[in-house]
Amino acid sequence: MAIDFKEQESNTNLIGKLLGSGFLNPNLIMRTWKPVKGVRVTVLENNFYLFSFYSAKDFMKAWSKGAVFMGKQCLVIRRWHPEIELDDRDMNYAQVWIRLPGVSHHNLVSPEMIVSAIASEFGCQFIAVDITGGEIHVCVELDVNEPVVTKVTVEDGMGGSGVCQSLQYEIDTLCFSCGRMDHRKEECVDSDDRNGGGEDDEFGPHNMAPMKHARVPPFASLRYVSWRRPSSGWVKLNFDGALKGRSQRGGAGGLLRDSEGEFMAAFAAPVSTTRPLLSEIYALREGLQLAVDSGVEYLWIEGDSKIAIEMLNGWREAEGDQEQPVMGDCRNLMKRFKGVTARHVFREANQSADHLANLGVEECVHQEWRSSRSPPPTLLSFLWKDIAGFLVPRLVL
């Protein structure tokens, strides 16, 4: 069923992806969410569903619960927004709270060090950290198709071998055989080993914790943001524009990296404009041209200008006599790729491009760095933080 998402109200809508065989049983969902004023369910393609709530309170209650596990099925949910795409890769992830047993804010090992260790092990997105009642919990997005990680090694900050930290998950379903959280051991078909569940086994009840955060909205807290590598076979373009108000100078910057996070190419260029949006769109055009010249076939575009991304995706008309032709060039360049997707990211996940844009303000001519030429030395620290999954806190209300 085709839906005009532009006409949907974003504040009380959820997009759901059903993982597992069969069809969604609305009765099971209603028993989990218990909406007071009801929900309209619209069936989309490829096991996607749109849930439109008639009450903001019902919506908040459903969203805060996160993924819904129903036997051999799992419903992963996301809040609808104008930029959302029905992408299987992102919809394999569910928000899960993890308890860190034996850790408090009085310990030598800080929560931030543990968060970084988990990010390195999982390659996941952090949503929130909760330090209450002497315990530490973190909320992360995990791939429900992968086994949970039961332990991580955390640097002790003193040059030692590190501290082994166990993890407990606030989930009501966990396979003690394969370690996945979308089914139980009795339903496991991916493993011949039916052992598990004992204290000495890798997976068991000792990996689970009481669901204390079932009704805590994870979006009303601190979010840890990091740059993410693109999927295998894809190249990521990060772009940004800069404008120095006092000097009335603009700059544009961007860079390409492969699925391993390796540097491919970058640019920094001056922009003759006093319009911030034009500098963003100019950076986008230059980045797209760089990708075409580099022979990229599948391109993942990220920028922290929400307006520029909406224009590129056709959700907003380009306004301004200077912006329109540049955006037209961008849309034409997008046709040169076999696959392309464009998404808005927070500024904290776009720092490498931001640095290049600020370099562009100081440049007199367009500068490019290809794989055969080392990137500017001042960019190296940003590249290292990105590939290491360095987390930057951002308060999201």
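A: A residue counts as buried when its relative accessible area is under 20%, with a 1.4 Å probe and protein chains only. Keep in mind that this model is predicted.

Begin with Ser-52. This serine belongs to strand E3, which covers residues 48-53. What does the side chain of Ser-52 make a polar contact with? The partner is the side chain of Asn-13, at 3.1 Å.

Next comes Tyr-169. Strand E11, residues 168-169, holds this tyrosine. Tyr-169 has a relative accessible area of 0%, so Tyr-169 is buried too. A polar atom of the Tyr-169 side chain lies 2.4 Å from the backbone oxygen of Val-149. Leu-100 is 69 residues away from Tyr-169 along the chain, yet their C-alpha atoms are separated by 9.0 Å.

Asp-304 is a loop case. It sits between strand E16 (298-303) and helix H5 (306-312). Asp-304 is buried, because its relative accessible area of 10% is under the 20% cut-off. Its side chain joins that of Asn-350 in a polar contact of 3.1 Å. Which residues does Asp-304 touch, leaving out those up to four places away in sequence? Phe-239, Asp-240 and Glu-280 are among them. So are His-344, Val-345, Phe-346 and Arg-347, along with Asn-350.

Now the whole chain. The protein has 397 residues, and 50% of them count as buried. Its secondary structure comprises eight helices and 19 strands. Take the contacts with a separation of 6 or more: 72% of these come from residues 24 or more positions apart.

On to the helices. Two packed helices are described by an angle and a distance, both taken between their axes.

Take H4 (residues 276-293) and H6 (residues 323-334). Their axes are 9 Å apart, and the packing angle is about 25°. Angles under 35 degrees count as roughly parallel, so H4 and H6 are roughly parallel to each other. The crossing of H4 past H6 is left-handed. From H4, the contact uses Leu-277, Leu-278, Ile-281, Tyr-282, Leu-284, Arg-285, Leu-288, Gln-289 and Val-292. From H6, it uses Glu-323, Val-326, Met-327, Asp-329, Cys-330, Leu-333 and Met-334. Sorted by class, the contact of H4 with H6 has twelve nonpolar residues, one polar and three charged.

Then H7 (residues 351-362) and H8 (residues 380-387). How do these two axes meet? They come within 9 Å and cross at roughly 165°. Over 145 degrees counts as roughly antiparallel, which means that H7 is roughly antiparallel to H8. The crossing of H7 and H8 is left-handed. H7 brings Gln-351, Ser-352 and His-355 to the contact. H8 brings Phe-382, Leu-383 and Asp-386. The residues in the contact of H7 with H8 split into two nonpolar, three polar and one charged.

Conventions:
Residues numbered from 1 in each chain as written. Predicted model: local features only at pLDDT ≥ 70, side-chain atom pairs only at ≥ 80, totals over all residues. Heavy atoms only, no water. Axes fitted to C-alpha atoms, helices over the stretch in contact; angles between N-to-C directions. Helix = DSSP H or I, 4+ residues; strand = E, 2+ residues; numbered from the N terminus. Parallel < 35°, antiparallel > 145°, perpendicular 65-115°, else oblique. Left-handed = near helix turned anticlockwise from the far one by under 90°. Contact = heavy atoms within 4.5 Å. Nonpolar A, V, L, I, M, F, W, Y, C, P; charged D, E, K, R; others polar. Polar contact = N/O pair within 3.5 Å; in protein donor to acceptor, adjacent residues only side chain to side chain.
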